[in-house]
Amino acid sequence: MENSEGVKIESTVVTEEPLISALDIALFVVIITVAYFWYFKRDKQSSSSEKKPYTIQPSSLSSIEQTSNSSFIKKLKSTGRSLVVFYGSQTGTAEEFAGRIAKEGARYKMKGMVADPEECDMADMVEMKEIQKSLAIFCIATYGEGDPTDNAMDFYEWLQNGDADLEGLNYAVFGLGNKTYEHYNEIAIYIDQRLEELGATRVHEIGLGDDDANIEDDFVSWKEKLWESVCSHYGIEETGEESNIRQYKLVDCSEVLPERIFSGEISRLKSYENQRFPFDVKNPYLSKIAVNRELHKSGDRSCMHIEFDIDGSKMRYDTGDHVAVYPKNSSELVDKIGELLNADLDAVFSLLNTDEESSKKHPFPCPCTYRTALTYYLDITSNPRTHIMKELIEYASDPKDQEKLRLMASSTPEGKKEFHEWILRDNRNIVHILEDLPSVKPDLDHLCELLPRLQCRYYSISSSPKVYPKSIHITAVLVNYTTPTNRVNKGVATNLLAQLIPTNDELPQPTIPIYIRRSQFRLPPKSHTPIIMIGPGTGLAPFRGFIQERDYARKEGREIGEMVLYFGCRKKDEDFIYENELQEYVANGTLTKLHLAFSRDQPEKKYVTHLLEQNADELWNIIGEKSGHLYVCGDARSMAKDVHSIIVKVVMEKGQMTNSQALNYVKKMEQQKRYSADVWS
């Protein structure tokens, strides 16, 4: 057909005189093409020009504003400050410590500010040398398996990948960690060393706080020596007596419209009424409780199986992740504070930062009622730290109460002993202190400023998204215990969860705010890789999800590797949780072996660690000969450490290695994610 048309065209050209020549046509096409592109390019430019004030310009201004806001150097210079205290905090403690250091700076003629590294351009540290007698202090927590906190991640990566010249930067570092974990204070130690490598000057040696012992004592001792080093380094002296300076001022909000008052939201006003994806630490999802059932068969303890409904939330989780639950304090304790202080808990107020340059305008969502603040935002059940003792002194009318508080706030050996015995050993919270020191009557707004934020609680997810894509399961032991003062302390989250029992479909179901925190606790990528799981008690939780996922793969016809589970509890007939499920997985072949240890079913205690020692050949066969994976979940203080020691011993004996070689072998397993731990203390 194409040839036929071609012949016809040639014939036409030969036999007839064309009105327009081929050259004319070519010229015409060129002219039209040029005109077309000229017109549309001009139109596009015109269109862009017209839109510029409304789209490009505001974006540019926004970027400038963000840069300005993120420049802590500009804030330091414009406000005459020389001290900046950065914090890397996951639970709020590091942020609290940073605030205390910045506040004390005034005693040494160093006006300070607290800064979140996530909100700062940390590359600006190169300009610190331009500020006379400047100092940067870092209060940095390590969490998980030697991970930086979420808000310090970018800063940590910047230090790792960058090579900025930090000569002229003066710094000090305090780390917050826990010795029961293998990677004790790893992030703080790295930052301290890396800053020195980049040319910065260490003003005071690093402080390492141990939350498994007494991190408050560690911090106070380090802080006192820090200021001695600061005075020596800069040739300055303390200004004199300490003074309690309020960071926030009270604002009466009785005239604020009800729709503008926070009622427990974490960040955005009315966020629970108008839910918006994505859901995270500042924007949790209000989940319905779909299931809440008891797992223990008998006894005086309780273990709950709870299922959170996430249908329609767009939330996704992976097996091994954690779910964060936002608790609230009991109304009984909240009412008690109001009664002890003779305060109107329903009065609406706000706390406004006296530092106008601070990015943190309020200590928690404001305005709200005192009842809301004490219920949703403030931690009233933990042991108060020494700085709170110090601030309460001025509110004590009885000299004996004053002296007791002053002693506990001091750093003397006698003061530390008294604080340890009266606060920590006897497990007193702020309610107990106000009860036992009746002359202490702090202003409620000041107390709200002093108390730390109530933090969410994390639970290992005990389900697989392959099997339960629309719900998240957790396994939680109800926390209730009697203190040395014969008071009953209750776990904030678990006691709340215990009350949230689903009813029939005709009534509104109980709800609680949650969000998903990603974890590195993961099944091997290949389903046929053999694994060993060690999880006594509620340490079984993530392994329930692991087993569900492998069972799902088996039912799909895929090959699955050996799955060996070590589980232990007190008594088989009392607290053997998920017994029927586990036995069913054994019966269908998903769970290859189930090793059980019931510690109190015989005269001599029997734990999973005893079973591990007895099964050295099986352990080595999987982790040594078959390059399988090993997982540990549960108590970090003793169980996880004991398991680690046993594994090293097995590698030595069965792998015919020296102790040093075995340690390196296990370390390599950890680096390859073949040895993973999800533990708590």
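Tutor: Let's start with a word we'll need: a residue is buried when its relative accessible area is under 20%, exposed when it is over 50%, and partly exposed in between (1.4 Å probe, protein chains only). Helices here are DSSP runs of H or I with at least four residues, strands are runs of E with at least two, and both are numbered from the N terminus. Keep in mind that this is a predicted model, where local features need pLDDT of at least 70 and side-chain atom pairs count only at pLDDT 80 or more, while totals for chains, interfaces and linings use all residues. Residues are numbered from 1 along each chain as its sequence is written, and side-chain values use heavy atoms, with hydrogens and water left out.

Our helix is α12, residues 399–409, and its buried residues are D401, L405 and M408. Looking down the axis of α12, you'd find these buried residues within an arc of 65°, so they line one face of the helix; that arc is taken from the directions from the helix axis to the C-beta atoms. Turned away from that buried side is the face with P399 and K400, both exposed.

What do the buried residues of α12 pack against? They pack against α11 (386–392) and α13 (413–425), where contact means heavy atoms within 4.5 Å.

Now for the N-terminal end of α12, which is capped by D398: one of its side-chain oxygens lies 2.9 Å from the backbone nitrogen of K400.

Next, the wider setting. A nonpolar core is a set of buried Ala, Val, Leu, Ile, Met, Phe, Trp, Tyr and Cys residues joined through side-chain atoms within 4.5 Å. The largest one here has 41 residues, and L405 is among those with the most contacts inside it, along with I337, F364, L374, I430, L444 and C448. Elements that give two or more residues to this core include α12 itself, its packing partners α11 and α13, and also α9 (331–340), β12 (348–353) and α10 (370–377). Two further contributors of that kind are α14 (430–436) and α15 (444–450).

Take I430 as an example: leaving out residues up to four places away in sequence, I430 touches I337, I380, S382, P384, L392, L447 and L451. Apart from this core lies another, of 29 residues, with M639, V650, V666 and M669 among them.

Conventions:
A polar contact is a pair of N or O atoms within 3.5 Å; within protein, one must be able to donate a hydrogen and the other to accept it, and residues adjacent in sequence count only if both atoms are side-chain atoms.
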